[in-house]
Amino acid sequence: MTAGDATRPALSDDEQRAHRAGIAELMPATPFLAGLGVSFDRYEPDDVVLRLPFRADLTNDGVVYHGGVIASLMDTAGAAAAWSNHDFERGARASTVSISIQYVGAARGSDLLCHARALKRGRELIFCELHTTDADGTVVAHGLLTYRIV
């Protein structure tokens, strides 16, 4: 906490919840995510599921998603999980520190679902586990994400 922070009033529990809920409204409305069509299926503390409806223009061949699209969905889901239970008195500047993705299957002509869980919260770093499946539950990719909020 800096000297300037000492004069800032503490946030009530209701204000904290409102800030967290605002993230679920704000993220899908950002230009990039709105362009992809990302939406939330679940937004609970430390537990998020994002959906990306199938679009042929996001594939390599009209059927199978490009890996960068999957990575974008996973990065966003991890960030959402980090924000979903964040204490906004600790700050609101954020970025992905690292992401590791293992592609283990292909999503063919299907919506993508990414489940992200915040596993551990440190002072600034949040560690998240990510699993992406097609609409039938077949695993497409899994990964780990480290997110920083200050």
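Reader: Hi! What kind of model is this, and how are residues numbered?
Author: It is a predicted model, where local features need pLDDT of at least 70 and side-chain atom pairs count only at pLDDT 80 or more, while totals for chains, interfaces and linings use all residues. Residues are numbered from 1 along each chain as its sequence is written, and side-chain values use heavy atoms, with hydrogens and water left out.

Reader: Thanks! What is the strand order in the sheet?
Author: The order is β1-β2-β4-β5-β6-β3, an open sheet of 6 strands with antiparallel pairing. Strands here are DSSP runs of E with at least two residues, helices are runs of H or I with at least four, and both are numbered from the N terminus. Two strands pair if DSSP finds at least two bridges between them.

Reader: Which strands stand at the edges?
Author: β1 (39-44) and β3 do; each has a single partner strand, so one side of each is left without a neighbour in the sheet.

Reader: How many bridges join β3 and β6?
Author: There are 9 bridges between β3 and β6 (residues 139-149), in the antiparallel sense. Within that pair, Ser98 stands opposite Thr146 of β6.

Reader: And what about β1 and β2?
Author: They pair over 5 bridges, also in the antiparallel sense. Ser39 has Arg51 in β2 as its bridge partner. Their hairpin has 2 residues between the strands, and Asp46 takes a positive phi near 65° there.

Reader: Switching topic: which residues touch the most other members of the largest nonpolar core?
Author: Leu52, Tyr65 and Leu112 do, in a core of 36 residues. A nonpolar core is a set of buried Ala, Val, Leu, Ile, Met, Phe, Trp, Tyr and Cys residues joined through side-chain atoms within 4.5 Å. Buried means under 20% relative accessible area, exposed over 50%, and partly exposed in between (1.4 Å probe, protein chains only).

Reader: Which element gives the most to this core?
Author: That is α3, with 10 residues.

Reader: Last one: is Ser110 buried or exposed?
Author: Ser110 counts as buried because its relative accessibility is 11%. Ser110 lies in the loop between β3 (94-103) and β4 (112-121).

Reader: What does Ser110 touch?
Author: Not counting residues up to four places away in sequence, Ser110 touches Phe54, Tyr65, Asp134 and Ala135, where contact means heavy atoms within 4.5 Å. A polar atom of the Ser110 side chain lies 2.8 Å from the backbone nitrogen of Ala135.

Methods:
A polar contact is a pair of N or O atoms within 3.5 Å; within protein, one must be able to donate a hydrogen and the other to accept it, and residues adjacent in sequence count only if both atoms are side-chain atoms.
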